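Here is a short briefing for a first look at this structure. Keep the sequence and the 3D view open as you read.

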Amino acid sequence: MRIKKWAVMALFCGIFLTGCSKQTASKEASNSSNKSSQSSKSSVKKTSKASSSSAKAVKLDVAKLTPQESGSLITLYCADRFGGEWSNLLQAGQNGSLTITLHKTSDYEFKQPGSGYAYEAAASGQTGTTYYTLSGSTFYFYQGVKVAGSGSFLGQATKQEMADYIVKKGQLAEFKQLTKKVEIVDKSGQTQRLSEGRSGYFTIPAEMQGTWYSASNYDGETTHSKYVFGQSTIFIQDDKHNRKGHTTTLYTRAANYKAPDYPSEEQIKKAEGWGLPKIVQYKGINYLNAMGWYQGAGDGEYFAVHTENIDGNDVQVLICAGGAGIWVDGIAYRSQAMAEKMQDHQFDDLNYSDSDN
(Lines give C-alpha, C1' and ligand atoms only; values in the text may rest on other atoms or scores of the structure.)
Protein backbone atom coordinates (compact mmCIF):
# COMPACT_ATOMS: atom_id res chain seq x y z
CA MET A 1 0.00 0.00 0.00
CA ARG A 2 2.87 2.41 0.79
CA ILE A 3 4.43 1.94 -2.66
CA LYS A 4 1.17 2.91 -4.39
CA LYS A 5 0.85 6.08 -2.24
CA TRP A 6 4.34 7.24 -3.16
CA ALA A 7 3.63 6.55 -6.81
CA VAL A 8 0.50 8.81 -6.78
CA MET A 9 2.33 11.65 -5.00
CA ALA A 10 5.17 11.41 -7.53
CA LEU A 11 2.72 12.15 -10.36
CA PHE A 12 1.56 15.44 -8.69
CA CYS A 13 4.84 16.62 -7.12
CA GLY A 14 7.12 16.21 -10.12
CA ILE A 15 10.82 15.73 -10.30
CA PHE A 16 11.67 16.54 -6.65
CA LEU A 17 9.55 13.81 -5.17
CA THR A 18 10.49 11.49 -7.98
CA GLY A 19 14.19 11.96 -6.97
CA CYS A 20 13.33 11.29 -3.32
CA SER A 21 11.44 8.20 -4.33
CA LYS A 22 14.44 6.89 -6.30
CA GLN A 23 16.83 7.46 -3.37
CA THR A 24 14.49 5.71 -0.96
CA ALA A 25 13.95 2.81 -3.33
CA SER A 26 17.73 2.58 -3.85
CA LYS A 27 18.35 2.39 -0.08
CA GLU A 28 15.66 -0.23 0.35
CA ALA A 29 17.05 -2.24 -2.54
CA SER A 30 20.55 -1.93 -1.08
CA ASN A 31 19.36 -3.05 2.36
CA SER A 32 17.43 -5.90 0.81
CA SER A 33 20.51 -6.91 -1.20
CA ASN A 34 22.74 -6.83 1.90
CA LYS A 35 20.27 -8.94 3.86
CA SER A 36 20.02 -11.37 0.96
CA SER A 37 23.83 -11.54 0.71
CA GLN A 38 24.21 -12.12 4.45
CA SER A 39 21.49 -14.75 4.32
CA SER A 40 23.23 -16.40 1.37
CA LYS A 41 26.63 -16.40 3.16
CA SER A 42 25.02 -17.83 6.27
CA SER A 43 23.38 -20.51 4.17
CA VAL A 44 26.69 -21.36 2.47
CA LYS A 45 28.45 -21.65 5.83
CA LYS A 46 25.72 -23.89 7.17
CA THR A 47 25.79 -26.05 4.04
CA SER A 48 29.58 -26.25 4.18
CA LYS A 49 29.52 -27.26 7.84
CA ALA A 50 26.84 -29.83 7.17
CA SER A 51 28.81 -31.23 4.25
CA SER A 52 32.00 -31.34 6.31
CA SER A 53 30.17 -33.02 9.17
CA SER A 54 28.75 -35.60 6.75
CA ALA A 55 32.23 -36.32 5.32
CA LYS A 56 33.66 -36.80 8.79
CA ALA A 57 30.84 -39.15 9.66
CA VAL A 58 31.82 -41.65 6.95
CA LYS A 59 35.61 -41.37 7.27
CA LEU A 60 37.23 -44.26 9.13
CA ASP A 61 39.90 -43.36 11.68
CA VAL A 62 42.40 -46.08 10.80
CA ALA A 63 44.61 -45.25 13.78
CA LYS A 64 41.85 -46.42 16.11
CA LEU A 65 40.81 -49.62 14.33
CA THR A 66 40.84 -52.75 16.48
CA PRO A 67 42.57 -55.92 15.20
CA GLN A 68 39.12 -57.33 14.40
CA GLU A 69 38.19 -54.20 12.42
CA SER A 70 41.49 -54.37 10.55
CA GLY A 71 40.81 -58.01 9.62
CA SER A 72 37.34 -57.08 8.38
CA LEU A 73 38.69 -54.12 6.41
CA ILE A 74 41.41 -56.19 4.70
CA THR A 75 39.03 -59.03 3.82
CA LEU A 76 36.48 -56.67 2.24
CA TYR A 77 39.16 -54.78 0.33
CA CYS A 78 40.91 -57.88 -1.03
CA ALA A 79 37.65 -59.62 -1.95
CA ASP A 80 36.57 -56.63 -4.03
CA ARG A 81 40.00 -55.85 -5.53
CA PHE A 82 41.35 -59.34 -6.20
CA GLY A 83 38.39 -61.75 -6.05
CA GLY A 84 39.45 -65.40 -6.23
CA GLU A 85 40.25 -67.00 -2.87
CA TRP A 86 39.67 -63.72 -1.03
CA SER A 87 36.15 -63.52 -2.46
CA ASN A 88 35.50 -67.08 -1.26
CA LEU A 89 36.85 -66.15 2.17
CA LEU A 90 34.52 -63.16 2.44
CA GLN A 91 31.51 -65.30 1.57
CA ALA A 92 32.53 -67.92 4.13
CA GLY A 93 32.99 -65.22 6.76
CA GLN A 94 29.64 -63.62 6.09
CA ASN A 95 27.93 -67.00 6.34
CA GLY A 96 29.89 -68.06 9.42
CA SER A 97 32.94 -66.40 10.98
CA LEU A 98 36.59 -65.53 10.28
CA THR A 99 39.82 -66.25 12.11
CA ILE A 100 42.98 -64.16 11.64
CA THR A 101 45.93 -66.25 12.86
CA LEU A 102 49.37 -64.78 13.53
CA HIS A 103 52.36 -66.90 12.43
CA LYS A 104 56.08 -66.37 12.15
CA THR A 105 57.08 -64.94 8.77
CA SER A 106 60.13 -67.24 8.83
CA ASP A 107 57.78 -70.17 8.15
CA TYR A 108 57.13 -68.81 4.66
CA GLU A 109 58.86 -67.44 1.58
CA PHE A 110 56.82 -64.31 0.90
CA LYS A 111 57.88 -61.80 -1.73
CA GLN A 112 57.40 -59.11 0.92
CA PRO A 113 57.82 -60.84 4.31
CA GLY A 114 57.20 -57.65 6.26
CA SER A 115 58.53 -56.84 9.69
CA GLY A 116 55.88 -58.42 11.88
CA TYR A 117 53.79 -61.54 11.42
CA ALA A 118 52.37 -63.64 8.63
CA TYR A 119 48.60 -63.17 8.98
CA GLU A 120 46.51 -66.16 7.90
CA ALA A 121 42.90 -65.25 7.08
CA ALA A 122 40.56 -68.24 7.09
CA ALA A 123 37.02 -69.36 7.72
CA SER A 124 36.92 -70.44 11.35
CA GLY A 125 38.01 -74.04 11.84
CA GLN A 126 39.71 -74.23 8.44
CA THR A 127 43.23 -73.84 7.10
CA GLY A 128 43.57 -70.63 5.14
CA THR A 129 45.35 -69.96 1.85
CA THR A 130 44.85 -66.18 1.97
CA TYR A 131 47.54 -64.26 3.83
CA TYR A 132 48.89 -60.77 4.32
CA THR A 133 52.06 -59.26 5.76
CA LEU A 134 52.85 -55.77 7.04
CA SER A 135 55.90 -53.57 6.52
CA GLY A 136 55.70 -50.07 7.98
CA SER A 137 52.23 -48.83 7.00
CA THR A 138 51.91 -51.02 3.90
CA PHE A 139 50.13 -54.37 3.74
CA TYR A 140 51.02 -57.05 1.15
CA PHE A 141 48.39 -59.57 0.01
CA TYR A 142 48.70 -63.21 -1.12
CA GLN A 143 46.61 -66.24 -2.02
CA GLY A 144 47.42 -69.91 -2.62
CA VAL A 145 49.77 -69.94 0.38
CA LYS A 146 51.10 -73.06 2.09
CA VAL A 147 53.47 -73.38 5.04
CA ALA A 148 57.05 -72.86 3.85
CA GLY A 149 55.69 -71.56 0.54
CA SER A 150 55.17 -68.13 -0.95
CA GLY A 151 51.80 -68.26 -2.71
CA SER A 152 50.81 -65.69 -5.34
CA PHE A 153 51.51 -62.04 -4.60
CA LEU A 154 48.43 -59.95 -5.45
CA GLY A 155 49.18 -56.37 -4.51
CA GLN A 156 49.64 -53.91 -1.68
CA ALA A 157 47.87 -51.01 0.06
CA THR A 158 48.00 -48.91 3.22
CA LYS A 159 45.24 -49.15 5.79
CA GLN A 160 44.07 -45.62 4.90
CA GLU A 161 43.86 -46.52 1.21
CA MET A 162 41.74 -49.56 2.08
CA ALA A 163 39.49 -47.53 4.38
CA ASP A 164 38.92 -44.86 1.70
CA TYR A 165 38.22 -47.61 -0.83
CA ILE A 166 35.43 -49.33 1.13
CA VAL A 167 33.88 -45.98 2.09
CA LYS A 168 33.77 -45.01 -1.58
CA LYS A 169 32.26 -48.41 -2.39
CA GLY A 170 29.58 -47.89 0.26
CA GLN A 171 30.63 -51.00 2.23
CA LEU A 172 30.57 -49.54 5.75
CA ALA A 173 27.57 -51.63 6.78
CA GLU A 174 29.29 -54.82 5.56
CA PHE A 175 32.46 -53.74 7.35
CA LYS A 176 30.65 -53.38 10.69
CA GLN A 177 28.80 -56.68 10.28
CA LEU A 178 31.93 -58.64 9.35
CA THR A 179 33.90 -57.11 12.23
CA LYS A 180 31.56 -58.87 14.68
CA LYS A 181 32.55 -62.24 13.18
CA VAL A 182 36.36 -61.84 13.28
CA GLU A 183 38.50 -63.66 15.86
CA ILE A 184 42.25 -63.05 16.36
CA VAL A 185 44.50 -65.98 17.33
CA ASP A 186 48.23 -65.66 18.04
CA LYS A 187 50.25 -68.78 17.19
CA SER A 188 53.49 -66.98 16.40
CA GLY A 189 55.20 -68.43 19.45
CA GLN A 190 53.65 -71.88 19.34
CA THR A 191 54.48 -75.15 17.66
CA GLN A 192 51.09 -76.77 18.05
CA ARG A 193 50.76 -77.49 14.35
CA LEU A 194 54.02 -79.46 14.32
CA SER A 195 53.85 -83.26 14.44
CA GLU A 196 55.79 -86.42 13.67
CA GLY A 197 58.56 -85.56 16.11
CA ARG A 198 59.09 -81.95 14.98
CA SER A 199 59.84 -79.87 18.05
CA GLY A 200 60.42 -76.55 16.30
CA TYR A 201 62.09 -74.77 13.41
CA PHE A 202 65.84 -74.90 12.83
CA THR A 203 67.49 -71.51 12.35
CA ILE A 204 69.85 -71.36 9.38
CA PRO A 205 73.10 -69.42 10.04
CA ALA A 206 72.58 -65.73 9.23
CA GLU A 207 75.58 -65.54 6.88
CA MET A 208 74.01 -68.24 4.70
CA GLN A 209 70.56 -66.64 4.46
CA GLY A 210 69.69 -64.90 1.20
CA THR A 211 70.11 -65.79 -2.48
CA TRP A 212 73.06 -67.50 -4.18
CA TYR A 213 73.67 -68.31 -7.86
CA SER A 214 75.76 -70.89 -9.68
CA ALA A 215 76.52 -71.82 -13.29
CA SER A 216 77.82 -75.25 -14.31
CA ASN A 217 78.50 -76.99 -17.59
CA TYR A 218 76.84 -80.36 -18.09
CA ASP A 219 77.21 -82.18 -21.41
CA GLY A 220 78.29 -78.99 -23.14
CA GLU A 221 75.28 -77.01 -21.86
CA THR A 222 75.28 -74.45 -19.06
CA THR A 223 72.82 -74.97 -16.21
CA HIS A 224 71.99 -72.04 -13.94
CA SER A 225 70.95 -72.77 -10.36
CA LYS A 226 69.56 -70.61 -7.61
CA TYR A 227 69.67 -71.26 -3.84
CA VAL A 228 67.49 -69.19 -1.52
CA PHE A 229 68.00 -69.65 2.22
CA GLY A 230 65.31 -68.29 4.50
CA GLN A 231 65.35 -68.37 8.26
CA SER A 232 64.34 -72.03 8.26
CA THR A 233 63.88 -72.88 4.58
CA ILE A 234 65.99 -73.84 1.58
CA PHE A 235 64.66 -73.23 -1.93
CA ILE A 236 66.62 -74.76 -4.84
CA GLN A 237 65.85 -74.22 -8.52
CA ASP A 238 67.65 -74.69 -11.82
CA ASP A 239 66.74 -73.98 -15.43
CA LYS A 240 67.24 -77.51 -16.71
CA HIS A 241 66.08 -80.23 -14.30
CA ASN A 242 64.08 -78.35 -11.68
CA ARG A 243 62.46 -75.31 -13.25
CA LYS A 244 59.72 -74.89 -10.62
CA GLY A 245 62.10 -75.37 -7.74
CA HIS A 246 61.68 -77.18 -4.45
CA THR A 247 61.48 -75.89 -0.88
CA THR A 248 62.73 -77.81 2.16
CA THR A 249 61.77 -76.62 5.63
CA LEU A 250 64.23 -77.53 8.36
CA TYR A 251 62.90 -78.72 11.72
CA THR A 252 64.50 -79.75 14.96
CA ARG A 253 63.59 -83.21 16.18
CA ALA A 254 62.23 -83.87 19.66
CA ALA A 255 64.76 -85.70 21.85
CA ASN A 256 62.25 -88.37 22.86
CA TYR A 257 61.03 -89.07 19.32
CA LYS A 258 62.00 -92.35 17.67
CA ALA A 259 61.60 -92.31 13.92
CA PRO A 260 59.95 -95.44 12.49
CA ASP A 261 62.27 -97.91 10.77
CA TYR A 262 59.72 -98.32 8.00
CA PRO A 263 57.56 -95.18 7.71
CA SER A 264 54.23 -95.62 5.97
CA GLU A 265 53.46 -94.13 2.58
CA GLU A 266 51.18 -91.65 4.32
CA GLN A 267 54.01 -90.56 6.65
CA ILE A 268 56.46 -90.23 3.77
CA LYS A 269 54.01 -88.17 1.75
CA LYS A 270 53.24 -85.95 4.71
CA ALA A 271 56.93 -85.33 5.33
CA GLU A 272 57.72 -84.26 1.76
CA GLY A 273 59.65 -81.03 2.07
CA TRP A 274 60.71 -81.61 5.69
CA GLY A 275 64.43 -81.55 6.38
CA LEU A 276 66.42 -82.85 9.35
CA PRO A 277 69.45 -80.57 9.83
CA LYS A 278 72.68 -80.64 11.77
CA ILE A 279 75.96 -78.73 11.75
CA VAL A 280 79.01 -80.77 10.73
CA GLN A 281 82.63 -79.58 10.84
CA TYR A 282 84.94 -80.94 8.15
CA LYS A 283 88.48 -79.72 7.45
CA GLY A 284 87.90 -76.56 9.44
CA ILE A 285 84.66 -75.64 7.66
CA ASN A 286 81.24 -75.70 9.31
CA TYR A 287 78.67 -77.35 7.01
CA LEU A 288 74.90 -77.35 7.29
CA ASN A 289 73.83 -80.91 6.54
CA ALA A 290 70.19 -81.44 5.52
CA MET A 291 68.65 -84.91 5.21
CA GLY A 292 65.10 -86.03 4.58
CA TRP A 293 62.96 -86.37 7.70
CA TYR A 294 62.76 -90.17 7.40
CA GLN A 295 65.95 -90.63 5.36
CA GLY A 296 67.68 -93.85 6.35
CA ALA A 297 70.44 -94.13 3.75
CA GLY A 298 72.64 -91.57 2.05
CA ASP A 299 74.31 -88.49 3.42
CA GLY A 300 72.00 -85.69 2.44
CA GLU A 301 73.19 -82.32 1.17
CA TYR A 302 75.89 -80.10 2.63
CA PHE A 303 76.17 -76.31 2.45
CA ALA A 304 78.80 -73.96 3.87
CA VAL A 305 79.76 -70.32 3.54
CA HIS A 306 83.47 -69.98 2.91
CA THR A 307 85.82 -67.12 1.95
CA GLU A 308 87.92 -67.39 -1.21
CA ASN A 309 90.32 -64.95 -2.85
CA ILE A 310 89.07 -63.90 -6.28
CA ASP A 311 91.11 -61.39 -8.29
CA GLY A 312 92.81 -60.21 -5.11
CA ASN A 313 89.53 -59.76 -3.17
CA ASP A 314 88.10 -61.84 -0.36
CA VAL A 315 84.72 -63.10 -1.55
CA GLN A 316 82.20 -65.22 0.32
CA VAL A 317 81.03 -68.25 -1.63
CA LEU A 318 78.49 -71.00 -0.93
CA ILE A 319 79.94 -74.50 -1.04
CA CYS A 320 77.48 -77.19 -2.17
CA ALA A 321 78.68 -80.70 -1.37
CA GLY A 322 77.51 -84.28 -0.90
CA GLY A 323 78.49 -87.88 -0.40
CA ALA A 324 80.38 -89.65 2.37
CA GLY A 325 83.47 -87.55 1.70
CA ILE A 326 81.57 -84.25 1.66
CA TRP A 327 82.84 -83.71 -1.86
CA VAL A 328 82.25 -80.31 -3.42
CA ASP A 329 79.87 -80.54 -6.36
CA GLY A 330 79.17 -76.85 -6.89
CA ILE A 331 80.02 -73.29 -5.87
CA ALA A 332 77.43 -70.51 -5.71
CA TYR A 333 77.91 -66.74 -5.54
CA ARG A 334 75.92 -63.75 -4.42
CA SER A 335 75.44 -62.50 -8.00
CA GLN A 336 74.55 -64.15 -11.29
CA ALA A 337 77.36 -62.24 -13.02
CA MET A 338 79.98 -63.67 -10.66
CA ALA A 339 78.54 -67.15 -11.15
CA GLU A 340 78.90 -66.80 -14.91
CA LYS A 341 82.44 -65.49 -14.58
CA MET A 342 83.53 -68.29 -12.22
CA GLN A 343 81.62 -71.10 -13.95
CA ASP A 344 83.02 -74.50 -12.87
CA HIS A 345 86.10 -72.90 -11.29
CA GLN A 346 87.74 -75.12 -8.66
CA PHE A 347 89.46 -73.69 -5.59
CA ASP A 348 92.66 -75.34 -4.36
CA ASP A 349 91.64 -75.49 -0.69
CA LEU A 350 88.37 -77.40 -1.22
CA ASN A 351 87.67 -81.11 -1.34
CA TYR A 352 86.52 -82.23 -4.80
CA SER A 353 85.84 -85.84 -5.81
CA ASP A 354 88.53 -87.63 -7.86
CA SER A 355 86.30 -87.63 -10.93
CA ASP A 356 86.26 -83.82 -10.91
CA ASN A 357 90.05 -83.49 -11.01
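In which sense do strand β10 and β11 pair, and over how many bridges? Strand β10 (residues 233-238) and β11 run antiparallel and share four bridges. This is a predicted model: local features need pLDDT of at least 70, side-chain atom pairs count only at pLDDT 80 or more, and totals for chains, interfaces and linings use all residues. Residues are numbered from 1 along each chain as its sequence is written, and side-chain values use heavy atoms, with hydrogens and water left out.

**Terms for helices and strands**

- Helices (H or I, at least four residues) and strands (E, at least two) are DSSP runs, numbered from the N terminus.
- Two strands pair if DSSP finds at least two bridges between them.

**Strands around β11**

- Strand β12 (residues 274-282) runs parallel to β11, and two bridges join them.
- Leu250 faces Gly275 of β12, standing opposite this residue.

**The six-stranded sheet**

- Six strands form an open sheet in the order β5-β4-β3-β2-β1-β6, and the pairing is mixed.
- The edges are β5 (152-158) and β6 (182-186), each pairing on one side only.
- From one strand to the next, the twist averages 25°.
- Strand β1 (residues 98-104) runs parallel to β6, with five bridges between them.
- Leu98 is opposite Val182 in β6.

**Helix α3 against α4**

- Helix α3 (residues 67-82) packs on helix α4 (residues 84-95) at an angle of about 135°, and their axes are 7 Å apart.
- Axes are lines fitted to C-alpha atoms, for helices over the stretch in contact, and angles run from 0 to 180 degrees between N-to-C directions.
- The angle makes α3 oblique to α4. Angles under 35 degrees count as roughly parallel, over 145 as roughly antiparallel, 65 to 115 as roughly perpendicular and the rest as oblique.
- α3 passes α4 in a left-handed crossing. A crossing is left-handed if the near helix is turned anticlockwise from the far one by less than a right angle, and right-handed if clockwise.
- Ile74, Thr75, Leu76, Cys78, Ala79 and Phe82 of α3 touch Gly84, Trp86, Ser87, Leu89 and Leu90 of α4 (contact means heavy atoms within 4.5 Å).
- The residues of this α3 and α4 contact are eight nonpolar, three polar and no charged. Ala, Val, Leu, Ile, Met, Phe, Trp, Tyr, Cys and Pro count as nonpolar, Asp, Glu, Lys and Arg as charged, and the others, Gly among them, as polar.

**Helix α3 against α5**

- The axes of α3 and α5 come within 10 Å and cross at roughly 65°.
- That makes α3 roughly perpendicular to α5.
- The crossing of these two, α3 and α5, is left-handed.
- From α3, the contact takes in Ser70, Leu73, Ile74, Leu76, Tyr77, Asp80 and Arg81, and from α5, Lys159, Met162, Ala163, Tyr165 and Ile166.
- The contact of α3 with α5 has eight nonpolar, one polar and three charged residues.

**Helix α3 against α6**

- α3 and helix α6 (residues 172-179) pack at about 130°, with axes 8 Å apart.
- That makes α3 oblique to α6.
- α3 and α6 cross in the right-handed sense.
- Gln68, Glu69, Ser72, Leu73, Thr75 and Leu76 of α3 meet Glu174, Phe175, Leu178 and Thr179 of α6.
- The contact of α3 with α6 divides into four nonpolar, four polar and two charged residues.

**Aromatic pairs**

- Rings of Phe, Tyr and Trp (its six-membered ring) pair if their centres lie within 6.5 Å; planes under 30 degrees apart count as stacked, over 60 as edge-to-face and the rest as tilted.
- By this rule there are 18 aromatic pairs.
- Tyr77 and Tyr165 have ring centres 5.1 Å apart and planes at 75°, so the pair is edge-to-face.
- Tyr77 lies in helix α3 and Tyr165 in helix α5 (residues 159-168), so the pair ties together parts that are 88 residues apart in sequence.
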